[in-house]
Amino acid sequence: MRHVTLIAPIIALENSVTSPAFQQTPLFSRWRPINAARPAMSAPWWQWVASTDSLTARLIAAGGHKHFRVRLLRQGVGWPQQDEAQALGIAPKRYAWLREVALCLDERSWVVARSVAPLSQLKGQRLDRLGERSLGSWLFRQPDLVRGPLEVTTQSPPFVSENALEEKCAWGRRSVFYNGCKHDGLSLLVQEYFLRAMADELDLPSR
């Protein structure tokens, strides 16, 4: 699969965002604050969805002897979804860095994730070099990291069918991470969808 990497300088972007994979698609999800969803969420899922520590570390621990892998699905420059732009406080047609991955145990996808950051805020952060390393491996090393409120959805991720992955999602969550000053640093939206495959493997309730 062809992976599109970030291109510098920014004036070269006109020729780097033509792939239809990153064209804007209709608004897909209805996000709500996590506390509003708590009555509908079982206690086992609450432990996963409401956690604010490293999801990678949690998955590795839960998987036991299973091999953990980050599978890079797609990465490049494009327009954010309408709801993603709103969460980041930017215009919908403002260029952003986009990354989609599957977090796999023994090659079975348990979680799929999509991250979005305004291109103008990257300021030398070479996130495109992560490859198949976890974004959390970079994120949780940042000294001034602040995590915004968690929001959740029960809608399926809109991008997995393009990669022949399971679409059924038990829960999805998102939050914006701020590194540095909220108005002058990096804002990074991270969206994580817990798939039914994970529920089956860990014997979790449907919700």
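Predicted model: local features only at pLDDT ≥ 70, side-chain atom pairs only at ≥ 80, totals over all residues.
The protein chain contains 6 helices and 8 strands. In sequence order these elements follow the pattern β-α-α-α-β-α-β-β-α-β-β-β-β-α. Of the 207 residues in the protein chain, 50% are buried. Among contacts with a separation of 6 or more, 71% are between residues 24 or more positions apart.

In soluble globular proteins, nonpolar side chains tend to be buried together. In the present model, the largest nonpolar core has 26 residues, and the members that touch the most other members are Trp45, Leu59, Trp171, Phe194 and Met198. Two or more residues of this core are given by each of helix H1 (34–37), helix H2 (43–49), helix H3 (55–63), strand E2 (68–78), strand E3 (96–105), E4, E7 and helix H6 (196–202). The largest share, 4 residues, comes from H2. Not counting residues up to four places away in sequence, Trp45 touches Trp171, Phe194 and Met198, and also Ala170, Ala199, Leu204, Pro205, Ser206 and Arg207.

Across the whole structure, 11 salt bridges were found. One of these joins Arg58 to Asp53, with the closest N and O atoms 2.7 Å apart. Arg58 is partly exposed, with a relative accessible area of 27%. Asp53, at 37% relative accessibility, also counts as partly exposed, because the value falls between the limits of 20% and 50%.

A salt bridge also links Glu84 with Arg114, where the closest N and O atoms are 2.6 Å apart. Glu84 lies in helix H4 (residues 82–88) and Arg114 lies in strand E4 (residues 108–118), so this pair ties together parts that are 30 residues apart in sequence. Glu84 and Arg114 are both buried. These two residues belong to a network of salt bridges in which Arg74, Glu84, Glu100 and Arg114 are linked.

Glu192 forms a salt bridge with Arg173, and here the closest N and O atoms are 2.6 Å apart. Because Glu192 is in strand E8 (residues 186–195) and Arg173 is in strand E7, the pair ties together parts that are 19 residues apart in sequence. Both Glu192 and Arg173 are buried.

Thr154 lies in the loop between strand E6 (151–153) and strand E7 (169–179). With 34% relative accessibility, Thr154 counts as partly exposed. Apart from neighbours within four places in sequence, the residues in contact with Thr154 are Cys169, Ala170, Trp171 and Arg207. Of these, Ala170, Trp171 and Arg207 are also touched by Trp45. Thr154 and Gly172 are 18 residues apart in sequence, and their C-alpha atoms are 6.0 Å apart in space.

Definitions and conventions. Residues numbered from 1 in each chain as written. Heavy atoms only, no water. Buried < 20%, exposed > 50% of the residue type's maximum accessible area, 1.4 Å probe, protein only. Contact = heavy atoms within 4.5 Å. Salt bridge = Lys/Arg side-chain N within 4 Å of Asp/Glu carboxyl O. Core = buried A, V, L, I, M, F, W, Y, C linked by side-chain atoms within 4.5 Å.
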